[in-house]
Amino acid sequence: MTGTEKRDQGRSGYLIGLKWLIAAIAVGSSWSVLADWSALNMTQGVTEISREVYDLHMLIFGICVLIGVIVFGIMIWSMLVHRKSLGHEPATFSHSTKLEYAWTIIPIFILIGMAVPATSTLRDMYDSSNADIDIEVRGYQWKWQYTYLNDDPAQEVKFMSSLLTPPDEFYNRAPKREHYLSDVDNPLVIPINKRVRFLITSNDVIHSWWVPDFAVKKDAIPGFVHESWAVVEEPGIYRGKCTELCGKDHGFMPIVVKAVEQDEYENWLAMKQQEAKDVYETVGKTWSMAELMETGETVYAQHCQTCHQANGQGIPPAFPSLVGQGMAIGDLDAHVDIVVNGKAGSAMQAFAAQLNPAEIAAVVTYERNAWGNDVGDLVQPREVNALIVAKE
Amino acid sequence: MSAVIENHHDDHHHGPDKGLMRWVLTTNHKDIGTLYLWFSFAMFLVGGCMALVIRAELFQPGLQLVVPEFFNQMTTMHGLIMVFGAVMPAFVGLANWLVPMMIGAPDMALPRMNNYSFWILPFAFGMLLSTLFMEGGAPNFGWTFYAPLSTEYAPPSVTFFIFAVHLMGISSIMGSINVVVTILNLRAPGMRLMDMPLFVWTWLITAYLLIAVMPVLAGVVTMMLMDIHFGTAFFNAGGGGDPVLFQHVFWFFGHPEVYIMILPAFGVVSAIIPTFARKKLFGYDSMVYATASIAFLSFIVWAHHMFTVGMPIAGELYFMYATMLIAVPTGVKVFNWVATMWQGSMTFETPMLFAIAFVILFTIGGLSGLMLAIVPADFQYHDTYFVVAHFHYVLVPGSIFSIMAAAYYWLPKWTGNMYDETLGKTHFWLSFVGVNVTFFPQHFIGLAGMPRRYPDYALQFADWNMVSSVGAFIFGFSQLLFLFIVIKCVMGGKKATDEVWDGAEGLEWTIASPAPYHTFSTPPALPERATA
């Protein structure tokens, strides 16, 4: 009888016993024959926490399967045997206080059996103290910005990370690469065996930063900074996704984290710090029209094209056209201003946070002189920089 | 049961009007029930077409049919239409038809208001659907419309969406007040609350849930309206507001809302299983208490939809424990249905098939819900296809199967004709296979890491997405067969007896088939008391 079986389980109550039972079911069933397990189940990941989460998942899953097998087994038995067509006469019982108590109380013990390990895992996950490295993760429509926080602002490495897959692949004009929609231009780089704390926030709408292999998923919410952390044990490339609907390109802002050995990480960081310094210097020099146009085209393709389109025509009314109208052929200062500061109440972002002054100067110049706009004027990076500094 | 004598001569004085105005002006609970059911079926097809657009796009990786902007409009409108246009009005339609007949009342207590609450709906949904043709497109921020995506970053049509939601809310509140008043005042003399059929009980509790939470929904969309047009900053962090506040208010409505869509289903299944098992419902009292407990718990678990928003650990733990508790009364219900079947004398007509599939597949959805309650694991499940699989298991083979079961079960009473049993069973098996092929693989896709609301996906998710899309088309097109079966049954067929099913109990089976335009003009004498 089910009642007794369940009661025995509830009494023995030890998770180890249950885990054995689950393992037995898993091995005994047909799942083990299925070749590609990873296409069917949660990843075990590469952190202690992610493995705890996986074990917890398998534990609850096993309990659920067990309950399902018992309940559906009884139903199916009943359907096969207690049929009118077999001449089975209906019984007349319609109540049993004992049974009602049993199937109210036994589930409570099963639930406690699940809640205990869940609580302990959650406490571990929430303890984000004693971080070795702090990285700010900031969501944008539709890319991520990573900032390696440093007490000295000159040493602060900050970069955008956006989708590398070209549109030709999603519009089926080119064969799809192995990491279709899962590769980015600048991955986040972290050292292994260090406690890395992620400080997650957003610049516009709500995003959510999820790396399954770390069991880290936290919403990036404007006006809030939330913490999460990971100690990655194996070097490798770990891929994640945005998991909160954030508009048009929600599906096109993947996350790539590269975990490397400590010395490789240090080399990389030194290189990035040098790059930051170089940018500072380029902003100071005087650029030619050709240089600005060339850089501008690249910047436009990376940052502007998803909304304003490759031909500058946009998708009105949300994303206005830049060709032969408005800002792009109007007042130069206003044009620089909207790129630097964005436009409140629209999807136009303040790009001062994402692009360096040289890039802003280049893209503004490009927009004024591409697609037959031919305004003919240009703006120097140092002028853009002056504007940003004045604002700060 | 044969003790009840019908007052047939009333019909001669108060038959239905002729033509279109019968339906526009009707205050008859049966007519209004019919209107609700047809309306909800129309919306089911509209929302279903949107689902098929989604599944067709996801058939393989790449952007084949629609652009991401339109894909987001489809996911949003599919959710809104199915929740507010298909499932909820269908249950209101069933309540209209059945509650007065089950409690021996002549009509709903507030017939004129009943007419209004239906006729608001076509306008509400007309307005909502019209946004598809507006500049900037329809709402594209998901049916949960999280701010600030639905405020600062929304298309201009959001204002029409807000007004449409207000109208739906008004309709639901009026409808539920009507149900409460009818049940509390118009029961046949001698029918105690604990004598009521479970469908009436579940609807009474559902109606209270609706009255409690629809104003909360109205409140949250009004706050959005203020943010968008009148310069407030409830949800704008830049203005000192809080985007997470939106989610708390929304889910304070949203969680009871999901039980609004399942409690009446419990009532339907509790009517059908005893009939075809030819055995009384097991544990009637505990069924009532379990329903009430689920309704109560639904108010105190809302933030389990928001485990990743960064609540403090005390909040996460509280919402995890409270959510897990729901498994207890839900389990009681499932065990009671199984115990009702046990040692019965079962036959498997179409309503019974849908009801049994409901119990099994709803339980699968309930078990995955239990998994989702476990916070650390939820961090991996949250906003992936695992969640999509979960809530479709409780809503499609849950709510919608129960509505279909109800339609087959009571159609002979409504039309006076038996539906075509062979076609009905065909419809069942196509739906059953279709639903499982569609939604079961979505568990895998989600666990493997595909987020929901993605118009395109990485290559490792391709196989199961294709399977899921095939299932969706099987399920979608089988509903045309359902339409055909219902029309065929309305047009004619084998005449139904008054009792229709040989094991059926309840006052609705004591009146003629088809049910006369006016029933119980004088209160019926109750059959022997339904106590054990």
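Mentor: Before you start, a contact means heavy atoms within 4.5 Å. In chain B, residues 24 or more positions apart account for 82% of the contacts with a separation of 6 or more. Mind that this is a predicted model, where local features need pLDDT of at least 70, side-chain atom pairs count only at pLDDT 80 or more, and totals for chains, interfaces and linings use all residues. Residues are numbered from 1 along each chain as written, chains are lettered from A and ligands numbered from 1 in written order, and side-chain values use heavy atoms, without hydrogens and water.

Trainee: What makes strand β5 of chain A, residues 195-202, largely enclosed?
Mentor: Strands are DSSP E runs of at least two residues, numbered from the N terminus, and buried means under 20% relative accessible area (1.4 Å probe, protein chains only). Eight of the eight residues of β5(A) are buried, so the rest of the structure largely encloses the strand. Both faces are covered, with Leu199(A) among the buried residues on one side and Phe198(A) among those on the other.

Trainee: How do you know that β5(A) pairs with β1(A)?
Mentor: Pairing takes at least two DSSP bridges between two strands. β1(A) and β5(A) have seven, in the parallel sense.

Definitions and conventions. Buried means under 20% relative accessible area, exposed over 50%, partly exposed in between (1.4 Å probe, protein chains only). Helices (H or I, at least four residues) and strands (E, at least two) are DSSP runs, numbered from the N terminus.
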